[in-house]
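Hi there,

Here is the structure I promised to pass on to you. Please have a look at it first, and then read my notes below.

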Amino acid sequence: MRKVYVTVTTRLIIRADEGVNIESVLENMDYNFTSQTDGADIEDTEITDWKVTDSK
């Protein structure tokens with residue numbers, strides 16, 4: 001069996017109350033990727049970086 005490393009870029013739209021620290025939201029959020037293909041499982045995930053592009 002082989003191990004494959006893949007970088008995935010996603011875009012999140014977060015609705016938050018005024019005063020909520022978005023850095024804290026991103027550091028503590030839960031997420032899950034699940035393989036729907038027989039014979040392949042997502043072994044581990046890690047958020048390595050983020051950039052806030054807009055905040056209204």
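Is Glu 43 buried or exposed? At 66% relative accessibility, Glu 43 counts as exposed, where buried means under 20% relative accessible area, exposed over 50%, and partly exposed in between, with a 1.4 Å probe and protein chains only.

Before the rest, a word on the source. This is a predicted model, in which local features need pLDDT of at least 70 and side-chain atom pairs count only at pLDDT 80 or more, while totals for chains, interfaces and linings use all residues. Residues are numbered from 1 along each chain as its sequence is written, and side-chain values use heavy atoms, with hydrogens and water left out.

Now the overall picture. The protein contains one helix and zero strands; helices (H or I, at least four residues) and strands (E, at least two) are DSSP runs, numbered from the N terminus. The helix is H1, residues 22-28. The radius of gyration is 15 Å, whereas a compact globule of 56 residues would have one near 10 Å. That radius is taken over C-alpha atoms, and the globule rule is 2.2 Å times the number of residues to the power 0.38. Along its principal axes, the C-alpha trace spans about 45 × 15 × 15 Å.

Of the 56 residues, 2% are buried. The accessible surface of the protein is about 6,200 Å², and carbon and sulfur atoms hold 44% of that. These areas come from the Shrake-Rupley method with a 1.4 Å probe; for residues, only the protein chains shown count as cover.

Back to Glu 43, which has a partner. Glu 43 forms a salt bridge with Lys 3, and their closest N and O atoms are 3.3 Å apart. The pair links distant parts of the chain, with Glu 43 in the segment after H1 and Lys 3 in the segment before H1, 40 residues apart. Lys 3 is exposed too, with a relative accessible area of 53%. The count comes to one salt bridge, taking the term as a side-chain nitrogen of Lys or Arg within 4 Å of a carboxyl oxygen of Asp or Glu.

As for charge in general, there are 6 positive and 12 negative side chains, and the centres of the two sets lie 9 Å apart. Lys and Arg count as positive and Asp and Glu as negative, while His and the chain ends are not counted. Each charge is placed at NZ of Lys, CZ of Arg, CG of Asp or CD of Glu.

There is also a nonpolar surface patch of about 490 Å², made by Val 4, Val 6, Val 8, Phe 33 and Ile 42. Patches are made of residues with over 30% relative accessible area and no salt bridge, joining like charges within 9 Å and nonpolar side chains (Val, Leu, Ile, Met, Phe, Trp, Tyr) within 5 Å. Ile 42 sits in the segment after H1 and is partly exposed, at 44% relative accessibility.

- Asp 17 is exposed at 63%.
- Val 52, in the segment after H1, is 22 Å from Val 6 and 46 residues apart from Val 6 in sequence. Val 52 is partly exposed at 45%.
- Asn 21 is partly exposed at 47%.
- Thr 34, in the segment after H1, is 18 Å from Leu 12, and they are 22 residues apart along the chain.

Best wishes
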